[in-house]
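Student: I have a model open beside its sequence, and I would like to learn how to read its features with care. Could we go through some together?

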Amino acid sequence: MITIYDIAKLTGFSPTTVSKVFNDYPDVSLKTRRKILEAAEQLGYLPNAHARSLTTKRSWTIGILYNESSGIGMLHPYFAGVIEGFKKVATSRGYDLMFISKDIGGKKSGYLEHCKIRGVDGVVGILPDYSDPNFTELLGSDVPMVLLDQESEIKGTVYSDNLDGSIRAVQYLYDLGHRKIGHIGGGNTFAGVKRMQGYLQAMQELRLPICEEHIIQGSYDYTIESGKIAMEQLLQAVDSPTAVFAAGDNLAIGAMQAIKDHGLSIPGDISIIGFDDIAMAGFLTPSLTTIRQNTHALGNRAADMLIYTIEGGTTISSEVIPVELVARDSCRAIE
C-alpha cells in the first residue's frame, strides 16, 4: 500500500509537506503542490477520504447540475466534451463528481435541498433553461457555483465566444462570394441569442440585406429534426439563400437532409456551415464546415474556477473561450 512516506521519498519533500497538500493547507507553493500530486498519481496513491473530510471540513464532492431535453443525456456531444474536461481537472485535485437532480429516492425536492443533503462543496450548472425556480433558488444560495453557457452577476460563468464564431461563419461565406446568407437559429438559449446577434452584426457590417424570410428559428434543443423543418421553410422562400449558417451542427445536419430531399446538392446548390464541430461533422457527406468549440477547455476552466471558489477565492467573472473555423467540404465559392 502506497503511503505519504513513499511520496515524500520520491519527491524529496517531508511527509509533513506531503500531508499538507492532501489536507489542502494554504502554505504550500503551487509548484510544490503540483509535484506532489503528480507523484501521487504516478504511484497510484489514494488519500483517506474520510480523514481528509474531517480535517478540511469539506466533502470533496462536486455536484453536476445537467439537464437537456433532447433525451440523449450524457451522449450529447457538447456535454460529453465539457464534462470530460471538467472531470480531468476536478479528479486531479481530489474531487469526486455527483449528478444533482430534483428528486432523491423518489421524493420531490429542489436542487438546493439535494445539494445540502449530499453535502456537495460546489456545483457546475449546465442547463438549457436557467429560469427554472429550483435553479434560481440554488443560484441565490451560498453554495459555490459556476455556470456554463450563461451570464450571471453573482456566479462565475464560462462560455464559448459565440458572437465571434458567428461573425467568422458569415465572413467566411461572404469571402466565398455569397451575398444571400440565411440563418437557422438556436432558439432563445444564451448561445442561440449570441449566435443570432453575431449573424446580424456580420450581415450589417458587410452591408448585406437582412431578409426576414432567410432567418428561421430552430428548436432550443438544437435537434436534427428542427434543423430539417427550418431548412424546409428556407427552401420555400421566394428568393432562397445560396448559403445557410446554422447555430448548431445538429441543426446543420437536419438542413442538409432537407436539401438532399429536395434533390439539391451541397455545396453545389446551397452551402452549409454549422457551429460546434461535433464528432460526426467530419464524417458526413459532404463533411461539414463548422465553428469549433473547445469543449475540453470549457470544462477545464469551469473546474478551475469552481475549485478556486470552493477553496476560498471569489469568482464572479466571465471566461470566454475562443473558437475556430474548420473548413471542410459543405461550402463552395460562387461568382
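This is a predicted model: local features need pLDDT of at least 70, side-chain atom pairs count only at pLDDT 80 or more; totals for chains, interfaces and linings use all residues.

Student: What span does helix H12 reach from its first C-alpha to its last?

Tutor: Helices (H or I, at least four residues) and strands (E, at least two) are DSSP runs, numbered from the N terminus, and the expected span of a helix is 1.5 Å times one less than its number of residues. H12, with 16 residues (295-310), reaches 22 Å, close to the 22 Å expected. After H12 comes Gly312, whose phi is positive, near 110°.

Student: Is Ile36 buried or exposed?

Tutor: Buried means under 20% relative accessible area, exposed over 50%, and partly exposed in between (1.4 Å probe, protein chains only). Ile36 counts as buried because its relative accessibility is 0%, and this residue lies in helix H3 (residues 30-43). In H12, the buried residues include Leu298, Ala302 and Leu306.

Student: Which residues does Ile36 touch, not counting residues up to four places away in sequence?

Tutor: Contact means heavy atoms within 4.5 Å. On that basis Ile36 touches Ile7, Thr11, Phe13, Thr17, Val18, Val21 and Phe22; Val21 is 15 residues from Ile36 in sequence, with 7.5 Å between their C-alpha atoms.

Student: Where is Ser141 placed?

Tutor: Ser141 is in the loop between helix H7 (133-139) and strand E6 (145-148), and is buried, with a relative accessible area of 16%.

Definitions and conventions. Residues are numbered from 1 along each chain as its sequence is written. Side-chain values use heavy atoms; hydrogens and water are left out.
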